[in-house]
Amino acid sequence: MSSATLPRARHLVAFGPHNGAHTVALRAGISMAAPLLALWFTGHLELSLYATFGAFTSLYGRSHSHLARFRMQSVAAAMMVSAVVVGTAVGISDAREWIVVPVVAAAAALATLLSNAVALHPPGALFVAFAVAACASVPSSPATIGLALAVASASAALSLAVGAVGAVRPSARHRPRSTFAVSFRDALAKPGEASAVARLVTGVLVAGAVPTLAGIGHPYWAMVAVVAALSGPDATARLVRAGHRILGTVVGIGLAAVLFALDLPALGTIAVVVALQVAAELFVGRNYGLTMVFVTPLALCMVELAHAADGGALIADRLVETVFGAAIGIVLTLVWRPRSAAVVGV
């Protein structure tokens with residue numbers, strides 16, 4: 001591998017442009033706050049995990065004009081709701097900790113192909129893998145599947161509405177129109193696509209199986225970490241993303257420890273989750289490592305909000321599994337390269 005592939009320190013601290021991130025962050029905050037407050041008001045916060053993943057619909061199409069964004073978010077909504085339902089269905093089985101590993105691998109592969117076919121933004125299978133794995137980790141029953149479907153669908157529908165409401169502004173009608181097209185043929189014909197999907201599936205299987213064998217809690221964080229690490233468009237981007245994932249998580253668990261020490265009431269935790277979601281969207285397009293500082297406590301608070309858990313154990317599991325999953329991504333990036341990449345040093 002040539003030195004051109006290896007990231008430098010400047011890659012880890014580089015900042016991208018703002019690009020109107022405040023508007024996206026506001027949409028994400030509203031989409032997250034409304035369903036969580038509704039569940040709190042009705043006394044059903046145990047369903048908050050399903051609402052949260054439905055609300056992730058708002059994260060798609062951030063820079064697209066309204067019609068294109070609505071179409072993209074409609075696809076994303078179907079994708080996220082399906083992920084919630086599949087994960088909840090896996091949660092019915094007593095063997096869910098093992099079943100979920102190949103299921104997440106398959107879901108990540110399908111989501112990657114779909115993402116490429118419709119040019120989703122953000123691209124990749126990260127949110128789908130997270131939704132399937134997290135929902136599968138919660139013991140469920142056949143009746144829970146219907147509840148998960150209803151809550152995730154309602155939350156996703158709200159996100160679609162929030163994303164479309166800006167179209168009434170006069171300024172929105174003067175924006176250059178962006179396009180949204182579907183082409184599975186182009187996605188499948190993309191050079192290196194089969195290799196990239198195979199690498200991703202391998203990473204998920206390893207990252208899920210090893211912590212499960214070792215008996216470490218919440219193995220899905222390792223699977224999510226490897227999906228995140230392998231989602232970059234080239235080797236350098238993947239290595240930078242893995243580094244960001246590790247460094248941001250290390251700092252983020254410190255923030256999570258402070259939040260857990262405060263022992264906030266449910267309403268306070270909801271406020272923190274919304275604030276962290278807004279902060280993450282403000283920086284996700286600028287520096288992924290800084291984004292992870294907010295995403296780490298966000299993910300931990302999501303789990304705590306739905307099901308009371310030992311904060312210290314959650315933090316320890318998150319750190320160990322994120323480092324492991326990111327390390328698997330680094331190893332696969334370094335050793336698994338298309339033949340053409342060897343010529344150009346990628």
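Tutor: The model is predicted, with pLDDT of at least 70 needed for local features and 80 or more for side-chain atom pairs, while totals for chains, interfaces and linings use all residues. Numbering starts from 1 along each chain, and side-chain values use heavy atoms, without hydrogens or water.

Helix α2 (residues 21-42) gives the largest share, 3 residues (helices are DSSP runs of H or I, at least four residues, numbered from the N terminus). W40 lies in α2 and is partly exposed at 37% (buried is under 20% relative accessible area, exposed over 50%, partly exposed in between).

Inside, helix α6 (residues 126-136) has 11 of its 11 residues buried. Its cover includes α3, α4, α5, α10, α11 and α13 (contact: heavy atoms within 4.5 Å).

The structure holds 7 aromatic pairs (Phe, Tyr or Trp six-membered ring centres within 6.5 Å; planes under 30 degrees apart are stacked, over 60 edge-to-face, the rest tilted). F56 and F127 form a tilted one, 5.1 Å centre to centre with 55° between the planes. This pair links the loop between α3 and α4 to helix α6, 71 residues apart. F56 counts as buried because its relative accessibility is 4%. Y60 and F127 pair edge-to-face at 5.9 Å and 80°, and both are buried. Ring pairs link F53, F56, Y60, F127, F130, Y220 and W221 into a cluster.

Conventions:
Helix = DSSP H or I, 4+ residues; strand = E, 2+ residues; numbered from the N terminus. Buried < 20%, exposed > 50% of the residue type's maximum accessible area, 1.4 Å probe, protein only.
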